[in-house]
Amino acid sequence: MRKKYTKFLITAVAGSLCFVIFYSQLKDVEVTQRDMAKMPSVTTEKPTTVVKSTMKNTTKNVTLSKLLTISENFRKDIPQNGAFWNRKLHSLLRQFDSVNNETLGELQKKFHCKPESLELLKTNIQDFQSYPPLYGDFLKGMDCRDPPVVHDQPDKCTSEHIFLLFAIKSSPKHFERRQAVRETWGREGLYESGLQVRTVFLLGRSSSDDPNLDKMVSYEAQQFRDLLVWDFQDTFYNLTLKEHGFFKWMLNQCPKVSFIFKGDDDVFANTKAILNHLKSLEPAQASSLYTGQIIYNATPLRDPKIKYCVPESFYEGPYPPYAGGGGFLFSANLVPSLYHVSFYIPFFPIDDVYNGMCFKAIGITPTKHDGFQTFDIREQDRENPCVHRNLLLVHQRSPQQTMRLWRSMHSSMLTC
């Protein structure tokens with residue numbers, strides 16, 4: 001029985017890999033035969049070579065502490081109480097206040113991975129045993145911030161300057177979503193007014209509950225040269241770790257970028273509208289941009305049945321205003337400060353809330369933009385291309401909906 005199962009598994013993996021190869025080659029042919037006049041003005045370029053390596057440490061000797069202050073508003077809004085996360089935060093803030101000069105290399109060395117022991121967690125969190133199992137894994141790894149890189153893209157940003165970088169959160173099993181993004185709103189190239197656009201997908205390893213897709217992801221990384229893959233399980237509670245890893249990659253590999261779009265792989269983004277909005281910004285707006293659909297006055301949800309649950313013994317207090325994680329824009333010049341401050345703000349199990357904390361800590365206030373609809377629009381408008389022409393983002397769309405909507409929006413026959 002065991003031999004039969006092994007033979008079946010090998011056959012299934014081989015068959016799946018052949019399908020991906022066939023699919024990607026077929027799509028390459030289809031794209032070249034499309035009527036490009038119906039698509040937005042964009043010049044595609046030959047992808048750069050994929051490199052499987054650890055990241056370069058080109059910024060290790062940069063002194064960071066003089067570049068950063070942690071805002072008093074952030075400090076005051078997070079109460080000092082008995083909750084585990086709150087205690088860790090205020091302990092780290094005291095460490096930050098005691099540092100005069102600090103290089104990036106010293107910072108990374110000081111915060112090397114030290115997994116929390118079960119004994120420590122049980123001592124500090126009285127009801128730790130009642131936490132969901134995945135929460136336990138998150139808590140044990142809260143101080144691990146430098147996972148190895150499985151697939152890097154060191155040549156992704158070789159252009160002299162990139163105006164917009166799409167950084168899309170994905171997971172190994174979402175190949176179809178990534179392909180839809182590549183063929184529509186995430187297409188790389190030179191857009192109108194000479195604006196350079198690049199795209200990367202941010203992944204971890206297959207989670208323990210999913211089939212191992214490492215070989216297929218490896219092939220995809222070589223074929224499309226747009227995957228950043230880290231050696232940690234790609235789970236909901238590791239999204240904050242993914243955020244931290246992306247900030248480090250930006251510092252080391254992609255410093256010449258003006259703006260970053262962070263979003264999920266199941267959103268529909270309007271690339272032209274995003275570029276027009278960014279071009280319209282005044283210099284002061286552009287340098288401190290953090291915009292999307294902003295959630296105000298949010299507080300932790302305590303229901304253990306939902307994935308957004310935050311136990312009271314873990315965190316007490318309000319959430320800062322934050323942009324919905326489905327998709328938002330921010331200025332790339334903020335990345336050094338965001339990366340630095342993320343060492344002094346403990347990882348939080350909800351990534352968009354954590355982002356809001358980091359932006360608030362460096363003194364950046366989010367700005368609402370009605371073009372971001374992370375909770376979707378009216379059901380009767382979801383297939384209407386004219387409605388979407390004035391929007392920057394909607395969430396959620398299937399790959400098939402994304403393809404249909406993109407074709408309709410760029411049809412020469414469309415009249416709005």
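This report describes the nonpolar cores, strand pairing, salt bridges and disulfides of a predicted model.

## Basis of the description

The model is predicted, so local features are taken only at pLDDT of at least 70 and side-chain atom pairs only at pLDDT 80 or more, while totals for chains, interfaces and linings use all residues. Residues are numbered from 1 along each chain as its sequence is written, and side-chain values use heavy atoms, with hydrogens and water left out.

## Nonpolar cores

A nonpolar core is a set of buried Ala, Val, Leu, Ile, Met, Phe, Trp, Tyr and Cys residues joined through side-chain atoms within 4.5 Å. Buried denotes under 20% relative accessible area, exposed over 50%, and partly exposed the range in between (1.4 Å probe, protein chains only). The largest core has 73 residues, of which Trp85, Leu139, Phe246, Phe314, Ile345 and Phe348 touch the most other members. Apart from this core lies another, of 40 residues, including Phe166, Phe201, Phe268 and Leu278.

Residues up to four places away in sequence being left out, Ile345 is in contact (heavy atoms within 4.5 Å) with Phe74, Trp85, Leu89, Leu92, Arg145, Tyr354, Met357, Cys358 and Ala361.

Helices (H or I, at least four residues) and strands (E, at least two) are DSSP runs, numbered from the N terminus. Helix α13 spans residues 351–361, and eleven of its eleven residues are buried. Among them are Asp351, Asp352, Asn355 and Lys360, together with Tyr354, Met357, Cys358 and Ala361. Cys358 has a relative accessible area of 1%. Glycine 363, with a positive phi near 85°, follows the helix.

Glutamate 243, in helix α9 (residues 239–253), is buried at 4% relative accessibility. Its side chain makes a polar contact of 3.4 Å with the side chain of Asn355. Such a contact is a pair of N or O atoms within 3.5 Å; within protein, one must be able to donate a hydrogen and the other to accept it, and residues adjacent in sequence count only if both atoms are side-chain atoms. With neighbours within four places in sequence set aside, glutamate 243 touches Lys262 and Asn355.

Strands pair if DSSP finds at least two bridges between them. Strand β2 (residues 149–151) and β6 run antiparallel and are joined by two bridges, with histidine 151 partnered by valine 229 of β6. Four bridges join β5 to β6, and these strands run parallel; here the bridge partner of arginine 205 is glutamine 233 in β6. Five of the seven residues of β6 are buried.

Phenylalanine 261 lies in strand β7 and is buried, at 0% relative accessibility. The C-alpha atoms of phenylalanine 261 and isoleucine 168 are 7.9 Å apart, although the two residues are 93 places apart in sequence.

## Salt bridges

The structure contains 24 salt bridges, each a side-chain nitrogen of Lys or Arg within 4 Å of a carboxyl oxygen of Asp or Glu. Lysine 169 and aspartate 264 form one of these, with the closest N and O atoms 3.2 Å apart. This pair links strand β3 (residues 162–169) to strand β7 (residues 257–264) across 95 residues, and both partners are buried.

Glutamate 220 and arginine 178 meet at 2.8 Å, N to O. They join helix α8 (residues 214–224) to helix α7 (residues 175–183), 42 residues apart, and both are buried. Arg178 and Glu220 also belong to a salt-bridge network with Arg182 and Asp226. Arginine 205 and aspartate 231 form a further salt bridge, of 3.2 Å. Arginine 205 is partly exposed at 26%, as is aspartate 231 at 38%.

## Disulfides

Three disulfides are found in the whole structure, the criterion being cysteine sulfur atoms within 2.5 Å. In sequence order of the bonded cysteines, the pairing is 1-2, 3-4, 5-6. Cysteine 113 and cysteine 144 are joined with an S to S distance of 2.0 Å, and the torsion about their S-S bond is about 50°, so this disulfide is right-handed. Cysteine 113 is partly exposed at 42%, whereas cysteine 144 is buried at 17%.

Cysteine 157 and cysteine 254 are bonded at 1.7 Å, with a left-handed torsion of -75°. The former lies in the loop between β2 and β3 and the latter in the loop between α9 and β7, so the pair ties together parts 97 residues apart in sequence. Both cysteine 157 and cysteine 254 are buried. The link of cysteine 386 to cysteine 416 (2.1 Å) is left-handed at -85°; cysteine 386 is partly exposed at 25%, and cysteine 416 is exposed at 57%.
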